[in-house]
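The following questions and answers concern the model displayed here, and each answer ends on the value or name that was asked for.

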Amino acid sequence: MTSLFDDELYPYRRSPDQDTVAQHPVVVVGAGPVGRTLALDLANRGTPVLVLDENSRVSHGSRAICFAKRTLEIADRLGFAEPLLAKGVEWSHGRVFHGDNEIYEFDLLPETGHRHPAFINLQQPYFEIYLVDAIRAAQAGGAPIEIRGHNRVTGMHNDGATLDIVTPDGTYHLTTDWLIACDGARSPMRDMMGLSFDGRVFEDNFLIADVKMAADFPTERWFWFDPPFKGAGASALLHKQPDDVWRLDFQLGWDIDREHELLEENVRARVDGMLGAGAEYELDWTSIYTFQCRRMQEFRHGRVIFAGDSAHQVSPFGARGANSGIQDADNLAWKLDYVIKGHAPEALIDTYSEERSLAADENILASTRSTDFLTPKSRASQTVRDAVLHLAESHAFARPMVNSGRLSTPCSYDGMSLIGPDRLPGLPRTRAGSPCLDAPLSEGFLLNRLGGDFKVLAINTDAPDVGLPTLTLSTAEHDPTGAVRDRYLGDAETAIYLIRPDQYIAARWQKASATDIRAALRIATGQEVRHAAHV
Amino acid sequence: MPLTFEPNIKDPDGFYDELLAAHQGLSPEESEALNARLILVMANHIGDRDTLREALKAAK
């Protein structure tokens, strides 16, 4: 994958800002997947955004490889799903083995009628490049977005209002109303503010070997506990990526010599053990990682907001890192845009921290549980884990306890500040606070029709006019597969949904008056949230 | 379903024998593994989380 790393995507160019102290509404620090997604979303809404990055190239190595349906739906809303789907490897099946025996098989999307697959596998650099392409296209269309490479933030003053930025031409300063730290798990911004980032460290090392080879294994996630191959460690993973690259992952344990394990001959010995002696392959990328599960207490500190790995970190089992970061961006963009444009009070920004903290807790819980299953911490947990694996070989009841990672699905914001009434019986998946489920319509898919602003979705009825765009569907006319009825109507004759700009359901009713919808809109835009004090 | 603390097993001596017989000839580690499997099988049969929580508490 060498060539991907060579291109300077946004080489250093001197900015007129360097001769003055310019004022910006939003500065994003860090042009990784999260920072770029946020910037693109804001700029598409017409809010000017400046992205500062200390580098100018894509991240090194394959890194994140599993992008979930929710990420694809967000990318679709932002206009870069097509290249992801064209290049990515679609998958939804997985198999879990204990030694030589297959003990468990799963399908993440047994339901049809979604535009996007449960997951695609794609090397992170491709994701980043397609995102930059989308940003370039948005810029060409006049979207107010600028990325400055080789601009490293080294200091902040006045609670983040003034930044010191080091460039190849020396230091300059600028001021900003909002500062978004998308600068990764080791966030220098977090350190500059002296904020804590607490959680659990897991005492285990995992070796990633991405190998390039022609192989005809199926496009499935294969996971072994106690792998039968020589030198594979306590668990192993095999998963396909584009370009004939396969992700191999070996659980090495805690007391290892990293340098020694990363020597090519030693990596090859493990890979040969799995693929069979004489297998022909190239080593594309190797890395040893350890991991932690932790998060910041608050994601908003005055004008400074943390998103993605800078705010929360999980183990890779479950693909909850990059996917949750993209959802942070999706949650934050419309809120910032509304506040900057004066459509909503500043308290709306607090609900970003409220909602995404809940998501972070859910991700950390799922990830911690997977990790406890993968790397038992005591004799008792080892004994119970082994008992589950043993029983799972012959008894169905034990299989749901086998945990090799619970894969990323979006969180529901039940009972949070922005969530309004839920006045439709049944249908728990589309309750108020949940992300919209896709459904095929007579033309295209539902999510594509919802767009990126508040919208009223009216099914088998007309919605009262409250000045919002409305999508009116008739199940007789527009619902060829019955998915709209199954997912949004159930036994009710009619339904009205208020949908947020991030395609979450703010409220729903069987029948709603203009007053009902206006009240829910007030709640959903933070007009009823009291402003919390911030440090 | 509340957890039963009243005698509920017919022929308690016979059951005790069977339980010990299952461990006959096993090493301590093998016995430990057998106990873990037995707990999981029985826990699944009970199923109800409140009852299981009560059982965990009673055993502590």
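**Contacts, burial and the sheet**

Q: Leaving aside its neighbours within four places in sequence, which residues is Lys69(A) in contact with?
A: In this predicted model, Lys69(A) is found in helix 3 (residues 69–78) of chain A. Once its neighbours within four places in sequence are left aside, the residues in contact with Lys69(A) are His114(A), His116(A), Pro117(A), Ala118(A) and Phe119(A).

Q: Does Lys69(A) count as buried or exposed?
A: A residue is buried if 20 or more other C-beta atoms lie within 10 Å of its own. Because Lys69(A) has 24 C-beta neighbours inside 10 Å, Lys69(A) counts as buried.

Q: Which are the edge strands of the open sheet of eight strands in chain A?
A: The order of this open sheet in chain A is 6-5-13-14-15-12-16-19, and its pairing is mixed. An edge strand here pairs on one side only, and this holds for strand 6 (101–107) and strand 19 (312–313) of chain A.

Q: How many bridges join strand 5 to strand 6 of chain A?
A: Strand 5 (residues 93–98) and strand 6 of chain A run antiparallel, with His98(A) standing opposite Asn101(A) in strand 6 of chain A. The bridges that join strand 5 to strand 6 of chain A number six.

Q: How many residues of chain A are in contact with chain B?
A: On the side of chain B that touches chain A, the residues divide into three nonpolar, one polar and two charged. These six residues of chain B are in contact with residues of chain A numbering nine.

Note on methods
Residues are numbered from 1 along each chain as its sequence is written. Chains are lettered from A and ligands numbered from 1 in the order in which they are written. This is a predicted model: local features need pLDDT of at least 70, side-chain atom pairs count only at pLDDT 80 or more; totals for chains, interfaces and linings use all residues. Two residues are in contact if their C-beta atoms, placed from the backbone, lie within 7 Å. Ala, Val, Leu, Ile, Met, Phe, Trp, Tyr, Cys and Pro count as nonpolar, Asp, Glu, Lys and Arg as charged, and the others, Gly among them, as polar. Two strands pair if DSSP finds at least two bridges between them. Helices (H or I, at least four residues) and strands (E, at least two) are DSSP runs, numbered from the N terminus. A residue is buried if 20 or more other C-beta atoms lie within 10 Å of its own, exposed if 12 or fewer, and partly exposed in between; C-beta atoms are placed from the backbone.
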